[in-house]
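This briefing summarises the computed features of a single protein chain for use in modelling work. The points are grouped by topic, from the overall architecture to individual residues.

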Amino acid sequence: MPSSYNARSRARERNGVLSRPEFMSLNQPPRGGGSDSRGSTRRPSQIKHQTSQPSEEPNENGNKDRVMPEEDCMQLNPSFKGIAINALLAIDISLSKRMGVCANTTRSWGGCRSMVGLLALTGHGITWIIGTIVCLTRSETLAGQEVLVNLLMALLLDIMTVAGVQRLVKRRGPCEMTPGLMDCIAMDTYAFPAAHASRAAMVSKFLLSHLVLAVPLRILLVLWAFFVGMSRVLLGRHHLTDMVCGFSLGLLHFSLMESVWLSSSTCQTLISISTLSF
């Protein structure tokens, strides 16, 4: 009996997991005189450096497979939020490219490119700033000068804010196009948010609030703001989401300017300072 029991125990040891070659190191005592019973004295930085390196493990055929660290592996189970955002961005890019029918002369609406570009020019920042300054120099009433000075401040606020967000996001348009000279002057070189849409929404809301206009003119002003934003999508400069965010940002600029509205005396002081400076 003892001999058969010893034979069975030795067979179990040979067939055990710890007797395999890859687990032989677990049966050996720790090396080096500087290590104690708790393990080796390697620094955590050294351990972290070793674990970040790709390792090689033998497969069933005896060949070594390269195993990448966990931080370099692709996430195979993304969240529902990430899937939804990626799907919406893909739809936005696809629709924007299809709607860019005036991006070049080879598109279906390539012959209307100059007309659509002229419509977009009516919402350009440089155009509105020059026009506001010209009207301000010719205005003779205090109320008109007050409205024009606040409109000029709103335009400057819109240009600086949109330029800052564009520089931060750095999103390109659906069609790779080089920005024009006026776009570089107005710092409108990126796509998100759409500067023309933001400016058109802010100006239309501003004029509707501070000018007495007939109903047909009010409708035309709203349609003008919408088509100015759409013109940049047709030209392939912006995505649909850029236009929507531009409209929202323009309305936010209007609300902000209404909350910090400059009084008539402040406007006259600014006008006198600018006149003396020139």
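Accessible areas come from the Shrake-Rupley method with a 1.4 Å probe. On that basis the chain exposes about 18600 Å², of which carbon and sulfur atoms supply 63%. The model is a predicted one. The chain has 278 residues, and buried residues make up 30% of them.

**Overall architecture**

- The chain contains 11 helices and two strands.
- Read from the N terminus, the order of elements is α-α-β-β-α-α-α-α-α-α-α-α-α.
- Among contacts in the chain with a separation of 6 or more, 67% are accounted for by residues 24 or more positions apart.

- A search of the whole structure finds three salt bridges.
- One of them joins the side chains of D92 and R171, with an N to O distance of 3.1 Å. D92 belongs to helix α3 (residues 80-99) and R171 to the loop between α6 and α7 (181-185), so this pair ties together parts that are 79 residues apart in sequence.
- D92 counts as buried because its relative accessibility is 5%, where buried means under 20% relative accessible area.
- R171 has a relative accessible area of 18% and is therefore also buried.
- A salt bridge also forms between the side chains of D242 and R171, at 2.9 Å from N to O. This pair links distant parts of the chain, with D242 in helix α10 (residues 240-259) and R171 in the loop between α6 and α7, 71 residues apart.
- Taken together, D92, R171 and D242 are linked in a network of salt bridges.

- The side chains of D158 and R199 meet in a salt bridge with an N to O distance of 3.6 Å. The pair connects distant parts of the chain, since D158 sits in helix α6 and R199 in helix α8, 41 residues apart.
- D158 has 0% relative accessibility and so counts as buried.
- R199 is likewise buried, because its relative accessible area is 3%.

- How many cavities of 30 Å³ or more are counted? The count comes to one.
- The largest cavity holds about 30 Å³ of space.
- Its lining consists of I159, V162, A163, A186, M187, D188, A195 and R199. R199 is also a partner in the salt bridge with D158.
- By residue class, the lining of the largest cavity divides into six nonpolar, no polar and two charged residues.
- Helices α6 (142-169) and α8 (195-210) each supply at least two residues of this lining.
- The largest share of the lining, three residues, comes from α6.

- V169 is placed in helix α6. With a relative accessible area of 41%, V169 is partly exposed, the class between buried, under 20%, and exposed, over 50%.
- V169 and Y190 are 21 residues apart in sequence, and their C-alpha atoms are 8.4 Å apart in space.
- K170 lies in the loop between α6 and α7, the loop that also holds R171.
- K170 has a positive phi of about 60°, although K170 is not a glycine.
- Is K170 buried or exposed? K170 counts as exposed, because its relative accessibility is 52%.

- F192 and P193 are joined by a cis peptide bond, for which omega is about -10°.
- P193 is located in the loop between α7 and α8.

Terms used
Residues are numbered from 1 along each chain as its sequence is written. This is a predicted model: local features need pLDDT of at least 70, side-chain atom pairs count only at pLDDT 80 or more; totals for chains, interfaces and linings use all residues. Side-chain values use heavy atoms; hydrogens and water are left out. On a 1 Å grid over the protein atoms alone, a cavity is a set of points where a 1.4 Å probe fits but cannot get out, and a pocket is an open set with protein on both sides within 12 Å along at least five of seven lines; lining residues have an atom within 4 Å of a point. Grid points are joined across faces, edges and corners, and a volume is the space filled by probe spheres set on the points. Helices (H or I, at least four residues) and strands (E, at least two) are DSSP runs, numbered from the N terminus. Ala, Val, Leu, Ile, Met, Phe, Trp, Tyr, Cys and Pro count as nonpolar, Asp, Glu, Lys and Arg as charged, and the others, Gly among them, as polar. A salt bridge is a side-chain nitrogen of Lys or Arg within 4 Å of a carboxyl oxygen of Asp or Glu. Buried means under 20% relative accessible area, exposed over 50%, partly exposed in between (1.4 Å probe, protein chains only). Contact means heavy atoms within 4.5 Å.
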